[in-house]
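The points are grouped by topic.

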Amino acid sequence: MSRFRTLDDLSPEQRVVARLDLNSPVEDGRVQDNRRFDRHATTVAELADAGHRVALLAHQGRPGRDTFVSLEQHADVLADHAGVDVDFVPDTFGERALSAVRDLDGGDVLLLENTRMTDDELPEKEPEEHANSAFVKTLAPEFDAYVNDAYSAAHRKHASLVGFPLRLPSYAGRVMETEYEANTAIASREFDGDVTMVVGGTKATDVIDVMEALDGKVDAFCLGGVAGELFLRAAGYPVGRDVGTDLFDEQWAENEDTIRDVLDEHGDRLRLASDLAYEGPDGGRAEVDVDAVEDKEHSFLDVGAGTVEEYEAVVRDSAAVFVKGALGVFEDERFKDGTVGVLRAIAETDCFSVVGGGDTSRAIEMYGLDEAEFSHVSIAGGAYIRALTGEPLPAVELLERNAAGEFDG
Ligand SMILES: Nc1ncnc2c1ncn2[C@@H]1O[C@H](COP(=O)(O)OP(=O)(O)O)[C@@H](O)[C@H]1O
Ligand SMILES: O=C(OP(=O)(O)O)[C@H](O)COP(=O)(O)O
């Protein structure tokens with residue numbers, strides 16, 4: 001059971017300031033719709049339907065990046081998903097914002113401007129310091145309650161995430177609640193059978209951290225992606241070729257010793273690819289057994305058909321499966337088989353399943369899998385990794401401390 005309060009504990013008709021994570025891809029200045037809008041819409045609609053006056057805080061991008069844009073478009077996308085009007089004010093805690101907040105009636109929803117456009121938001125500081133920032137000190141008195149729904153940003157110690165619980169009664173939104181429960185399940189739940197982790201993607205350190213942290217909790221790790229190739233290299237296979245990328249050699253140089261140690265220590269639990277896929281001479285998918293690979297002759301972009309079968313069998317025998325990172329470059333249809341094959345096996349199996357990581361979970365809709373067949377599809381990347389590895393999430397800790405009465409009076 002969670003140790004924070006939820007929307008079930010919120011008194012009626014409150015003035016609520018709610019923190020969402022609407023941080024999204026931006027292409028040619030257009031914000032791309034994605035799961036984050038749909039998920040947060042549940043919390044927003046529930047707050048509006050209950051008659052609260054609702055002001056929303058969220059961020060987009062970081063200063064200096066192309067994705068650092070206003071939240072004006074986000075208001076419309078969110079409104080479409082939530083089925084309620086979402087007004088927008090291009091101000092976060094200045095006079096225009098305060099005036100719009102004071103004009104809210106019960107059931108109204110207002111999105112304030114990108115929190116990262118204020119100087120107070122981004123510095124990673126202790127909650128006490130953030131609670132004394134002009135941002136938090138100005139906004140907090142306008143509200144009766146703070147709701148944090150931004151699980152996927154909960155690893156950041158930013159003002160809008162850790163400052164308000166020192167000043168207002170605080171509650172987890174529905175996204176925060178469900179993400180927390182599913183993503184900590186590997187550490188907090190007992191499963192009646194084997195627990196499997198499917199780990200891939202591009203970041204070797206993510207994979208290493210997860211494997212080290214979950215050693216006692218996981219019966220089998222099925223490896224793929226760039227990380228899988230680096231483990232194959234440690235096992236003596238000449239794979240992992242950089243062609244115009246710095247995915248392999250740089251990560252190898254930085255992590256070789258750790259990868260070798262993990263392989264020595266946990267080798268009996270690791271499943272490495274027995275075959276790999278690459279672009280053949282005719283431009284189609286070609287495959288080769290890892291035993292037959294000549295010195296870095298190909299760029300491998302997926303695990304091979306034999307490996308997919310082996311991993312599918314492991315999944316079918318599991319009571320719980322957690323996924324972090326793709327097994328191949330699934331965005332290219334030729335190299336989707338590993339990622340999609342394993343996801344399909346999970347969907348068809350009656351196991352507890354969590355799929356995390358923004359990129360990997362995109363494969364679900366890209367290839368027409370039914371999200372409802374998974375126990376949980378996380379909208380978090382960095383926070384999901386931290387939950388899996390047991391690292392604390394500062395914003396969650398603040399909700400817990402608030403519920404424990406630490407800041408009352
Ligand atoms: N062999 C590979 N070579 C290059 N990229 C790969 C390979 N296998 C997987 N990927 C890429 O890994 C990405 C997902 O990696 P990552 O960012 O670590 O995971 P997530 O976003 O799910 O947390 C996918 O977009 C995929 O294209
Ligand atoms: O998208 C986010 O994290 P993610 O890329 O790890 O999923 C969060 O909104 C945090 O954003 P940040 O990594 O710019 O602090």
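Ala 277 stands opposite Asp 302 in strand 14. The model is predicted, so local features need pLDDT of at least 70 and side-chain atom pairs count only at pLDDT 80 or more, while totals for chains, interfaces and linings use all residues. Residues are numbered from 1 along each chain as its sequence is written, chains are lettered from A and ligands numbered from 1 in the order in which they are written, and side-chain values use heavy atoms, with hydrogens and water left out.

- Strand 12 (residues 275-279) and strand 14 (residues 300-303) run antiparallel and are joined by 3 bridges; two strands pair if DSSP finds at least two bridges between them.
- Strands (E, at least two residues) and helices (H or I, at least four) are DSSP runs, numbered from the N terminus.
- Strand 13 (residues 285-289) is also antiparallel to strand 12, with 5 bridges between them.
- In that pairing, Glu 279 stands opposite Arg 285.
- The hairpin of strand 12 and strand 13 has 5 residues between the strands, and Gly 283 there takes a positive phi near 85 degrees.
- Strand 12 is largely enclosed by the rest of the structure, because 4 of its 5 residues are buried.
- Buried means under 20% relative accessible area, exposed over 50%, and partly exposed in between (1.4 Å probe, protein chains only).

- His 59 lies in the loop between strand 4 (53-57) and helix 2 (72-82), and Arg 62 is found in the loop between strand 4 and helix 2.
- His 59 counts as buried because its relative accessibility is 2%, whereas Arg 62 is partly exposed at 27%.
- Leaving aside neighbours within four places in sequence, the contacts (heavy atoms within 4.5 Å) of His 59 include Arg 19, Asp 21, Leu 71 and Ala 153.
- With neighbours left out in that way, Arg 62 is in contact with residues including Phe 68, Leu 122 and His 158.
- The side chains of His 59 and Arg 19 make a polar contact at 3.1 Å.
- A polar contact is a pair of N or O atoms within 3.5 Å; within protein, one must be able to donate a hydrogen and the other to accept it, and residues adjacent in sequence count only if both atoms are side-chain atoms.

**Around ligand 2**

- Residues around ligand 2 (a heavy atom within 4 Å of it) include Asp 21, His 59, Arg 62, Ser 152 and Gly 382.
- Oxygen atoms of ligand 2 lie 3.1 Å from a polar side-chain atom of Asn 23 and 2.9 Å from an N or O atom in the side chain of Arg 36.
- A polar backbone atom of Gly 381 is 3.2 Å from an oxygen atom of ligand 2.

- Asp 359 is in helix 14 (residues 358-366), and Thr 360 has its place in helix 14.
- Asp 359 counts as partly exposed at 48% relative accessibility, whereas Thr 360 counts as buried at 4%.
- The side chain of Thr 360 reaches the backbone nitrogen of Gly 325 at 3.4 Å.
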